[in-house]
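Dear colleague,

Please find below the structure that I am handing over to you.

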Amino acid sequence: SASKSSTIRFCLSVSGTEGSSSASSYGDISIPKGKLYFALPYFGTSQSEGSISISKKEGTICVKQFGWNTGWRREESRILGVFRA
């Protein structure tokens with residue numbers, strides 16, 4: 001059977017850094033209250049066989065916000081950063 005690629009996705013609820021002490025922020029960067037969405041590729045033949053490998057590449061961390069960047073008001077994903085598993 002051919003190897004397949006897919007993505008592990010999960011989210012974490014966070015209280016955010018706005019209004020917190022200066023120790024929890026970095027310069028002008030802040031994390032909004034809400035959910036952070038993580039995505040990381042994995043490879044393998046099937047989950048039932050238990051033979052999957054998590055990618056060594058960086059995964060993305062996003063927030064979902066409403067915006068007007070496309071001319072239409074809609075929910076958009078915005079990348080906050082990357083992580084490694």
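Strand β2, which covers residues 34-44, pairs with strand β4, residues 59-67, in the antiparallel sense over three bridges. Within this pairing, A39 stands opposite T60 of β4. Please note that the model is a predicted one.

Strand β4 also has a pairing with strand β5, which covers residues 74-83; these two strands run in the antiparallel sense and are joined over nine bridges. Here I61 is found opposite G81, a residue of β5.

Returning to strand β2, one of its residues is G44. The relative accessible area of G44 is 14%, and G44 therefore counts as buried, since the limit for that class is under 20%. G44 and I54 lie 10 residues apart along the chain, and their C-alpha atoms are separated by 8.9 Å.

The cysteines deserve a separate word. C11 has a relative accessibility of 38%, so C11 is classed as partly exposed. C62 has a relative accessibility of 12%, so C62 is classed as buried. How many disulfides does the model contain? The count comes to zero, where a pair of cysteine sulfur atoms would have to be within 2.5 Å to qualify. For reference, a disulfide is a covalent bond between the sulfur atoms of two cysteines.

With kind regards

Notes: Residues are numbered from 1 along each chain as its sequence is written. This is a predicted model: local features need pLDDT of at least 70, side-chain atom pairs count only at pLDDT 80 or more; totals for chains, interfaces and linings use all residues. Side-chain values use heavy atoms; hydrogens and water are left out. Two strands pair if DSSP finds at least two bridges between them. Helices (H or I, at least four residues) and strands (E, at least two) are DSSP runs, numbered from the N terminus. Buried means under 20% relative accessible area, exposed over 50%, partly exposed in between (1.4 Å probe, protein chains only).
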